[in-house]
Amino acid sequence: MSKVQRIGVFTSGGDAPGMNAAVRAVVRACIYYKKTPFGIYRGYDGMISGEIKELNSRSVSNIIQRGGTILKSARSAEFRTPEGRKKAYESLKKHGIDAFVAIGGDGTFRGAQIFSQEYDIPVVGLPGTIDNDLNGTDFTIGYDTAVNTAASAIDKVRDTASSHNRLFFIEVMGRHSGQIAVRSSIAAGAEATMIPEEPMSIDDLIRILERGADHKKSSSLVVVAEGGETGRSINIAKEVQERFSHYDTKVTILGHLLRGGSPTVADRVLASQLGVSAVEYLIDGKTGGMLGVVNNQIKFTPFDQATQNVHNLDPEMMRIAAILSV
Ligand code: F6P
């Protein structure tokens with residue numbers, strides 16, 4: 001058992017639906033275990049500038065269903081400097097904080113790893129990102145909501161595509177990951193999916209679209225992950241329109257829409273489970289890694305493994321997407 005008494009929590013990097021549920025769970029678990037919770041606002045930037053406030057059970061009332069994060073988020077260049085991290089540590093010490101929970105993605109965890117090595121302060125990370133691009137968890141907090149948002153948006157695009165016999169390219173976020181793209185593409189029945197993990201040439205894409213036209217498809221949908229090497233949807237659509245004019249071609253970029261919205265039940269429950277576990281792990285003296293859920297079991301993964309060479313996209317997903325698009 002550790003001597004941890006005053007636990008900080010913050011959200012960092014791109015916000016994700018479910019972050020509020022995770023913050024709520026950390027705060028409520030602290031109170032349950034008679035620890036004192038502190039909110040650290042605006043991620044590492046706020047830690048450096050001392051935007052830190054003691055929280056109580058009522059501070060996190062009525063937020064489980066809300067997208068975004070009441071603690072705000074930021075990407076902090078200053079925290080990447082030793083001077084910045086020293087200021088951050090002094091802020092924590094000024095509030096007597098002796099451990100913290102970092103809710104974010106790979107950049108957040110890389111920062112936490114360096115920080116906890118430089119300063120003897122326990123930290124546990126929770127995977128808060130829509131990209132689902134971390135090792136050590138089946139799903140990250142926010143991913144399920146983002147996929148549902150993408151799928152329902154693609155359904156709406158399908159309505160107008162089929163009304164006008166059009167070809168639509170729908171671009172989704174995910175940074176270097178195609179996870180949002182492939183799952184939403186299957187769910188919404190798109191004809192093709194372009195992702196970083198399995199690059200598709202324009203020639204290959206046109207062959208798929210020609211086959212669809214031969215099969216009397218009056219419209220088609222292509223889901224494009226923003227980080228694919230073939231390029232961004234606008235440029236792909238332009239080249240396809242020039243070389244394959246069977247359809248009138250349009251583009252819809254979902255962008256930050258995928259970061260908002262009320263979290264799904266799956267994300268709320270995942271966030272709640274991980275938030276409670278984060279406090280329990282800190283109380284048990286654990287530090288230096290991310291908690292996730294793998295095959296319904298809580299798993300602790302050291303930060304360097306959680307963020308290393310992540311290629312966790314199941315090739316089976318692309319295989320069935322291809323079969324179903326005929
Ligand atoms: O990492 C989450 C994410 O939404 C990525 O999918 C996206 O590429 C990036 O953040 C956008 O970052 P920002 O909100 O800073 O523009």
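Which domains does the domain assignment of the chain give? The assignment, automatic or taken from a database, gives domain 1 (6–142 + 263–308) and domain 2 (144–260). Residues are numbered from 1 along each chain as its sequence is written, and side-chain values use heavy atoms, with hydrogens and water left out. This is a predicted model, in which local features need pLDDT of at least 70 and side-chain atom pairs count only at pLDDT 80 or more, while totals for chains, interfaces and linings use all residues.

Taken over C-alpha atoms, the centres of domain 1 and domain 2 are 34 Å apart. Still, the two domains touch: 16 residues of domain 1 are in contact with 14 residues of domain 2 (contact means heavy atoms within 4.5 Å).

Now for the ligand. Both domain 1 and domain 2 give residues to the shell around the ligand, so the ligand lies between them. The surrounding residues are Arg75, Thr129, Ile130, Asp131, Met173, Gly174, Arg175, Glu226, His256 and Arg259, each with a heavy atom within 4 Å of the ligand. Sorted by class, this shell has two nonpolar, three polar and five charged residues; Asp, Glu, Lys and Arg count as charged, and Gly is among the polar ones.

A polar side-chain atom of Asp131 sits 2.7 Å from a ligand oxygen, and for an N or O atom in the side chain of His256 the distance is 2.9 Å. Gly174 uses its backbone instead, with an N or O atom 3.0 Å from an oxygen of the ligand. On its own the ligand has 400 Å² of accessible area, and the protein covers 74% of that (Shrake-Rupley method, 1.4 Å probe).

Terms used. Polar contact = N/O pair within 3.5 Å; in protein donor to acceptor, adjacent residues only side chain to side chain.
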